Amino acid sequence: MDFTLTDEQTMLRDAVQSYLAGRYPLVESRSAARSAERWQPAVWQAFAAELGILAALVPESLGGLGGGPEEMMVITEALGGTLVVEPYTGTAVVGAALVRGSGGAAADALCASIAEGGARIAFALTEPESGREPWDVGTTAVRDGDDYVLTGVKIVVGDLPLATHLIVAARTAGERLDREGLSLFLLDFDAATPPTGITAHYFRTIDDHHTGDLELAGVRVPASALLGVEGGAWEVVERALDDGTAAVCSEAVGIMRRVVAETVEYAKQRRQFGVPIGSFQALQHRMVDMSLELEQAVAATYLAVLNLDADPRTRRRAVSAAKITIARAARFVGQNAVQLHGGMGMTEELAIGHCFKRLTAIETEFGSATDHLRRYAEATAD
């Protein structure tokens, strides 16, 4: 199997890396993430206008570039290596997959807006009483004349404070654990003044990303807010979640590449007993183990990305295998990098501590290793 990037993909990677290297310093990005604004809008507009990466996964017929999983991998790995906190995966990967898979005039218009940088999407799926199954949804959408009335609670809605649009998964039929009966609803959203009936609570996570919780108390939306077919959203949701899982796996690879490289360089410079600590055989073995974990993570991520368009069962196996591998590698590489850097490893000044925090968050984002072990077992069962 050939894993070599095409000339176009190489140019895309180089363009993203070059832009970020010159205009995304760590100190400024962390300060922006912790400010009242929470992000850098100018960077987002550059993603749309200068780099075109927000249009990468949008069909050409809707003003996008018509890229596929490989382009997504190239972009998210580059963003990971620079610790970008802007909501790329939530909007350009998961959000785009949800609206692209749903179809319809509203979805097509939103896809075009994503490509132009005007739309930022938060996907409200998880609930306080949800079990380990992503389709465990208790929020209801009841038809009332020409409207639907949404009632329920959503937690840890990624990128919520930055969103211009909210996609809510709600049950229009069936019981909590039924895959059938799930529907998606599109709402305009303003973090400063949420729509009537919605109470939002925002918070910053340990990796300087932003999320929030939602209370939906009889939120009335028009029937036109329904995305796709009523009750038939699960297949669209599952594919979007798999796209998002593959994206954060690729992001983790980008972060781990940086961590391993900076740890090796630090070991060459840091001196103990009159010699570089990188000359100590025990530490050399440790860094080799980190490199091996990274290479396994790279291979698993390639497997997931190259199977995103395969049949659902094959896709589930590949994506879950990658997430399991990434969870293990992220913990091993992150923890050992911090240890090899000593106390400096967790300071604000060094990128290593920020990389470690993001890798820690990725371990459980889109499902933990335990969740994906069970999913992998189900996908391989006869």
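Q: How far apart are the end C-alpha atoms of residues 6-82, and what is the helix and strand content of that span?
A: In this predicted model, the end C-alpha atoms of residues 6-82 are 22 Å apart. The span is 64% helix and 0% strand.

Q: What does UniProt list for residues 6-82?
A: An unreviewed UniProt entry lists them as "domain: Acyl-CoA dehydrogenase/oxidase N-terminal".

Q: OK, and how is the chain divided into domains?
A: Domain 1 covers 7-119, domain 2 covers 122-231 and domain 3 covers 234-380.

Q: Take domain 1 and domain 2. How far apart are their C-alpha centres?
A: The C-alpha centres of those two domains lie 23 Å apart.

Q: How many residues are in contact there?
A: On the domain 1 side 19 residues are in contact with 17 residues of domain 2.

Q: What area is buried between domain 1 and domain 2?
A: About 1500 Å², with carbon and sulfur atoms giving 65% of it. In domain 1, the residues that lose the most area to domain 2 are Arg38, Leu98 and Ser102, together 33% of what that side buries.

Q: How many salt bridges between domain 1 and domain 2?
A: The count is two. Arg30 and Asp208 form a salt bridge through their side chains, at 3.7 Å from N to O. Three residue pairs are in polar contact across the interface of domain 1 and domain 2, both residues at pLDDT 80 or more.

Q: Which element gives the most to the side of domain 1 that touches domain 2?
A: That is α5, with five residues. The elements giving two or more residues to that side are α2 (26-33), α5 (88-102) and α6 (105-116).

Q: And how do the residues of that side divide into nonpolar, polar and charged?
A: Eleven are nonpolar, four polar and four charged.

Conventions:
Residues numbered from 1 in each chain as written. Predicted model: local features only at pLDDT ≥ 70, side-chain atom pairs only at ≥ 80, totals over all residues. Heavy atoms only, no water. UniProt positions renumbered as here; feature names shortened; annotations may be inferred. Helix = DSSP H or I, 4+ residues; strand = E, 2+ residues; numbered from the N terminus. Domains from an automatic or database assignment. Contact = heavy atoms within 4.5 Å. Buried area = accessible area lost by both parts, 1.4 Å probe. Salt bridge = Lys/Arg side-chain N within 4 Å of Asp/Glu carboxyl O. Polar contact = N/O pair within 3.5 Å; in protein donor to acceptor, adjacent residues only side chain to side chain. Nonpolar A, V, L, I, M, F, W, Y, C, P; charged D, E, K, R; others polar.
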